[in-house]
Structures are given as C-alpha cells and as structure tokens.
Amino acid sequence: MVEPEHPSTDTEHESLHEEAHLPPPTLWPIGFAIGIVVVLVGLVINPELISSIGGAITVVFGFLWARDATAELRGEPIVVEPERRQMREAGHGMTAPPADQQGVALPHVPETGVTRSRFLEGATLGLGGVIGGLITVPVAGFAVLPGFLGQKQHKVDLGPVSKFPLSQWFVTTFIVDPIEGEVSRRTAFIRNNGTVSDPKTKKQVPSFTIISNHCAHLGCPVQANGPTGAILGQPTVIEHTKNGRVKLDPVVPAGYGCPCHGGQYDIEGNRTAGPPVRALDRYAFEIDNGNLILLSTYSVSHVVGTGAQAKIYKYKEAGPGEHLDGPEQWFYPLQPPHH
Amino acid sequence: MATTYRRTPTKAELRRQRMEELVNYPLDWLEERSGLVGGVRYFLFRNVPSDVNWMQTLGSAALTAFLVQAITGVILAMYYTPSASTDPATGKPVAWESIVNITDHVTMGWLVRGMHKWGASVFIILMFLHMGRVFLFGAYKYPRELNWIVGVLILVMGMMEGFTGYLLPWDQTAYWASVVGINLNGTAPFLGPWLAQFLRGGQEIGGETLTRFYSLHMLVIPAAIIGLITLHLYLVIRLGVTSPPWSKEAAGMEPEEEEPVTARPGLTRPVPRTAGGTAMQAEPGGRD
C-alpha cells in the first residue's frame, strides 16, 4: 500500500457517496498473487516447505488486502493518492490557440458532404449488416437446404422375382436406406401380374402392382383388409438382400384401410371412402439379374382396370392430401425436389 | 441517512444503524453500479388498480408454467438421447430407450418427465384462460393492442413447442402423430409441400426429423418464447394493469401519487412511478 502523502483530514464518510468510487491504489493483491504462485510452484517442487511459505504469504497479503478493501465499510478514512503526473502546458498542440492569434478557434466544418458521425453511423450499420449476412446465409442454408438438395434415389432390392408367385399379394416390408436403418423401413403391397406386352417394343415384359402403404390423406400406414399369412396357412418369407431384411407376408386383401381417419381403398388403390383425395401412390420398379428392384414412388389420381391391364393415371410424386387433378391441383403448382 | 435523529443516537441505535449498513452493503454495491435493485423494486412494487381480480393472476400462472417447462426440460435434456438409430443390443430405437430409462430407472425421472408432460398441457390451458380473461376484461384495447399481438405469438410458439415435443418419445404415437401433423402442414396451399419437407429435413420422417425437432424444441422456440415474454412483461409494466370492467374508478383519473415511503436506508432511492413508465433513469447520489 502506498503511504499517504497528503492525508486528507476532513474526509467524511457520508460525502464519499457523491463522488466517483475509485478503489484506492494498493499493492496487496500483487503480494497475494505471488503467494498463490509460490503455493502452486511448491506443489510441484516441495509441497511441505515451499507451499507452506506460499500459503503464509497468501494469507498475510490476503488479510492486508481484505483489510484495505473493507476500510470504507469499517468507517476508516479512505486515502486517495493524489495525481502526480504533470499537466501539460497550454500551447503545445494540446489546446486551441487563443482566438485573437490564429483566426477561429475551432476548425471550419464544411456544411456539405458526410459528417464524421454520419460516416461512422453508416459504417457501423453497413459493416454490421455485412457481418450479419456472412453469418446468417450459411447458417440458414445449413438449416434449410440439406432437406431439399441431394435427395438420393434409393434402389431397394427385394430379392428374386421367383419369391413372388403369380397373382399372390404380399405385404412387403423393406429398408429403403441401409445407412439410416430400421427407421427407413417401409411397406408396399406387391402382386406379380405375370407379363404384359410393352406397347412400344411389343415384347413381353414383367408386370407388378406395387402399392405404397402411405395413406393419400395424411400419410398414415394403410393396412390390407384381409387375412394374412398365419390365417392363410402360408409361410411368411424372410429374405436378406443388400438392403437388409425383407419380409414378405402373404395376404388376400379385399382392399386397404387407414387406421387414423378411416380412409378406404380398393385393391388397386383407388379411394372408395373417407378423407383421401386420390389413389394410393405406387413404386416404379425394374428387374435386375432376376431380382425385383423398387425405384422411386409416383402419385396416382386413379386406376382403371386391374392387374397387368390396369390403366394408371400417373403424376409426379406429391405429398399426402394434395390433389393431383381438378381445380384443387392449382394450390400446389411447385413441388419441392424429390428423388 | 433517511432517518434523522433529533437527539443523540444511543449506542444501540448506532449499532443497529451500522448493522443495517453492513447487511445492505452488497445490495447497495449492486445498485450503485447497475441500478438493478431499483429496477427490481420498480417491477415488483408498481401500483395496480385497487380492484384487481384473481383472474388477473392467470398471466403470472402461465409464466410459472413456462418456467416449470424450462427447468424440467433442461433436466430431461441431460438424460435424453435424440437418436433414431437402433440399439444393437436390444433392437429398440435409442431415443425411445432413453425415455424408458428416464421414466423407469433415473431417480425421480418419472416425476420430472411427468411434470414436463402434464405441465405442457397446463401451460397451454393457462395461456388460453389468460387470453380469455384479457378478452373479457377488454384489456386488449388501446393502448394494449400490441401486447395482445405479442401474446398471440407466444401462444403460437407454445403450440409449436407442443408439436415438436410430441415427436421426442419416438414411439408409435409420437411418430404417426408427427407424420399426420407434418403432412397436414404439407396440404397448405402453395408453400405447404415446401414447409413439410423443411420440417422433415428430407422426404421421409427419420433421424434428421428427430434431431431437427429436438433442436427446435429445446433451443430455437424457447429462445423465441423468452424474448416474447420479456417484451410482453415490458409492455405490461409500461402500460400498467387494467381495471376490471366493473371498476368504479374512472380510467385516467388516478390520483397523484405520494412520495413512496421507504423502509430501509441505503436501498431507499425513491423511484418516480409515472404512467409513462420512464422512471428508471439514474439519479445522482444514493443517500441523502
């Protein structure tokens, strides 16, 4: 602590509160800090001796510091060290020259142009905007874009076509994205229709009816209305393809029904009752090396006919509840990117 | 000192005075540097109409419900794992297992989760009751229209909390309710399909939907609600509390206030309370 050079005799406790509270200068914290350092060094070198010395230094200086800091509280007069730096004399470039010597005392500010404060205001707002934009654009892009860009088409291998006997329906469950795992397990109702003549090439090509179980109302899982494997006495087939476990459960559906809001469909997926606005979606497919491969889904307004002869009114994939035809389709002019 | 003695104070009085100073010292220290003590006093001890009603505590009740949600939510986040992947040991989803763990194994986890689950409904119900009170009392009228608007935004944010929080248990109910909810948003004209795809974080509900909803539920929306509640309270303080419609006090005829009586020295900076609410400017000098 610096010894008072000019102790002020009439320092009143009460009047202090109307002045700025600058802490009185003190050196005790430095001694306190040295004590702490000695303790820490001592812990490495010699805990008993050096650390004890450090502890003693810390305690002593800590006490003196606390005593100093609480001087005001204990009612002792506070001594503020007087300013000892010399004031600069006038005329050394620090103050304006007398008005009668050099014209006007203040520099002339031109009235046109941008003032200093205006410039700083603009610079602050402008730079702030640039910095804000630089941060916001990537963050917003990161939050929004991945859901729209790079949506991969997943090919789902359902195993050999021979597992699907002619005209037999199967409740088929499969994993769309092996990386995502079980959460991407989907269900489709699949029937092998045999072959059909391709209208262009006039060749016989395989025909499958593959109906997605996403309800066209709000996307709940549609169930097949009819007896499944156990009741039919037919075995459930489990296959392991490169998409993981695929389950084929034989079923004899009279149609499909949704448990959420009661939407009903016939076996081709046409809406027959309830809130859905269109038929069930379907999967495109291909045959690769004798295996049935599911491609992406497409939406269907309605189907005329059945099986291999069915005429499917196809549309680009749309979300559940969205009309594909009629004036209501005008509400959904732009679909987000699908695979 | 606020107290002036006409006679020489006795030793006991001096000791008492010294003790008071000691006890108040931390608060005085804070007040002198921040004005926070005066601000809090101004907030808590502001005048309200003499005929206020129990119905006018519904807003505070809703605030309390929100605080319960915030605190229990923070604790639940310590144990919850927002992962849609499958635990290879059990074949069950990790998120769902962590909920089971909270409910069945973590000490008092069932209680905290229950508070959060039921408190969510309480929060929404109280907001609606508060809204009804404000409507029936005509408290939404000039100059409080903006506060009604802010309140509606808080209600919408609260419902978004309900929507995003419902998915987190990651059971069949949660999953399919979110499927329906997201697809419901998707049927909105024009931008609906885009909104749905943003909420899903892709074309299908999956792991990215779960983490996205978790982030929205515990970070984005609560931050927005806290900001809106701050604005809501600021407007309440600035504009004051409305009298009930049956009040006999004529509006705008409040008598001139007396100088607030201060009980303790030190903390006694009198805060002028004006209808405009511009009373928190600092005054020089803490003590007279």
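At what angle do helix α1 (residues 11-34) of chain B and helix α2 (residues 36-44) of chain B pack? I will come to that in a moment, but first a word on what we are looking at. This is a predicted model, in which local features need a pLDDT of at least 70 and side-chain atom pairs count only at pLDDT 80 or more, while totals for chains, interfaces and linings use all residues. Residues are numbered from 1 along each chain as its sequence is written, and chains are lettered from A, with ligands numbered from 1, in the order in which they are written.

Let me begin with confidence. The model scores ipTM 0.75 and pTM 0.75. Chain A has a mean pLDDT, the predictor's confidence in each residue from 0 to 100, of 85, with 83% of its residues at 70 or more. Within chain A, confidence is lowest in helix α4 (residues 229-232), at a mean of 80, and highest in strand β9 (residues 264-265), at 97; helices here are DSSP runs of H or I with at least four residues, and strands are runs of E with at least two, numbered from the N terminus. Over residues 7-18 of chain A the pLDDT stays under 50, and the model has ten contacts beyond four places in sequence for them, where two residues are in contact if their C-beta atoms, placed from the backbone, lie within 7 Å. For chain B the mean pLDDT is 87, and 85% of its residues reach 70 or more, although residues 261-288 of chain B fall below 50, with 53 contacts in the model beyond near neighbours in sequence. Where pLDDT is low, the predicted coordinates should not be read in detail.

Now to the helix pairs of chain B, and to the opening question. Helices α1(B) and α2(B) pack at about 95 degrees, with their axes 6 Å apart, the axes being lines fitted to C-alpha atoms over the stretch in contact, and the angles running from 0 to 180 degrees between N-to-C directions. That makes α1(B) roughly perpendicular to α2(B), on a scale where under 35 degrees counts as roughly parallel, over 145 as roughly antiparallel, 65 to 115 as roughly perpendicular and the rest as oblique. Their contact involves B:Leu27, B:Leu30, B:Glu31 and B:Ser34 of α1(B), together with B:Leu36, B:Val37 and B:Gly38 of α2(B).

In a second pair, helix α7 (residues 172-186) and helix α8 (residues 192-200) of chain B have axes that come within 6 Å and cross at roughly 150 degrees, and α7(B) and α8(B) are therefore roughly antiparallel to each other. Among the residues making this contact are B:Ile182 and B:Asn183 of α7(B), and B:Leu195 and B:Leu199 of α8(B).

Two backbone details deserve a look. B:Tyr142 and B:Pro143 are joined by a cis peptide bond, with omega about 5 degrees, and B:Pro143 sits in the loop between α5 (109-136) and α6 (145-167) of chain B. In chain A, A:Ser167 has phi near 65 degrees, a positive value in a residue other than glycine, and A:Ser167 lies in the loop between β1 (156-160) and β2 (169-175).

Finally, the overall arrangement. Chain A is divided into domain 1 (17-69) and domain 2 (156-324), with bounds from an automatic or database domain assignment, and their centres, taken over C-alpha atoms, are separated by 79 Å. The contact between the chains takes 28 residues from chain A and 28 residues from chain B.
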